[in-house]
Amino acid sequence: MIGISTGAITIRVVDDTTRTQIINYLNSFFSIINKDIDLKTFNLFKYSIINNIQTIIAIWLLGITVIGIPVVLIIIALRGFIIGFTVAFFIKEFKVKGITLSLLCLLPQNIFLVSGFIIISVISILFSISILKNKINVIKRPSFLNRFINYTITIFIVSIIIIIGCLVESFTTPILFKIINNYLTVFMK
């Protein structure tokens, strides 16, 4: 929530040059979508999977270390910042079109992605805390190997939620985006 709020607030301090560059980039992107250029949805899926799997692996590795807790929190905050900034920018610059794009093109995949990353981050932080508690207290617990295997399997299972988000982002969102952009372009003229 802090990341999303910070991203939304940051939109107020973006200078005019940067704002213009972002608008020009988005307008060129919108025009590409408007043309009947075949979007390579499989390439989008591959890119999305690679990016998100890298983040999952980073969070998983950080969960093995106690010092990884703040880094996991920073990763989640940065992802929230990006979402907050994007939604706030869309709404500020594109008004009704921005609200519609945010609700129908950013929200669907982020329901899965944000949920999945929050769950994985919590699991990672809890595993780090359990390692720390095990070092401080000499309480009889299951072996580290058993806990590590359970941790890894749980992260893997929850990753399925993120993969669903990647599928939505790659195969559903571009179609919705094109339909909405065409409709709003006609409607807004």
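Rings of Phe, Tyr and Trp (its six-membered ring) count as a pair if their centres lie within 6.5 Å; planes under 30 degrees apart are called stacked, over 60 edge-to-face, and the rest tilted. This is a predicted model, so local features need pLDDT of at least 70 and side-chain atom pairs pLDDT 80 or more, while totals for chains, interfaces and linings use all residues. Residues are numbered from 1 along each chain as its sequence is written, and side-chain values use heavy atoms, without hydrogens or water.

By that definition, the structure holds 8 aromatic pairs. One of them is F45 with F171, a tilted pair at 5.7 Å centre to centre and 40° between the planes. F45 lies in helix α3 and F171 in helix α5, so the pair ties together parts 126 residues apart in sequence. Helices here are DSSP runs (H or I, at least four residues), numbered from the N terminus.

Now, burial. Buried means under 20% relative accessible area, exposed over 50%, and partly exposed in between (1.4 Å probe, protein chains only). F45 is buried at 16%, and F171 is partly exposed at 32%.

Next, F85 and F89. Their ring centres are 6.1 Å apart and their planes at 20°, so this pair is stacked. Both residues are buried. Because they sit 4 residues apart in helix α4 (residues 68-136), about one helical turn separates them.

There is also one aromatic cluster, formed by W60, F127, F144, F148 and Y151.

Back to helix α3, where F42 has its place. Which is F42, buried or exposed? F42 is exposed, with a relative accessible area of 54%.

Notes. Helix = DSSP H or I, 4+ residues; strand = E, 2+ residues; numbered from the N terminus.
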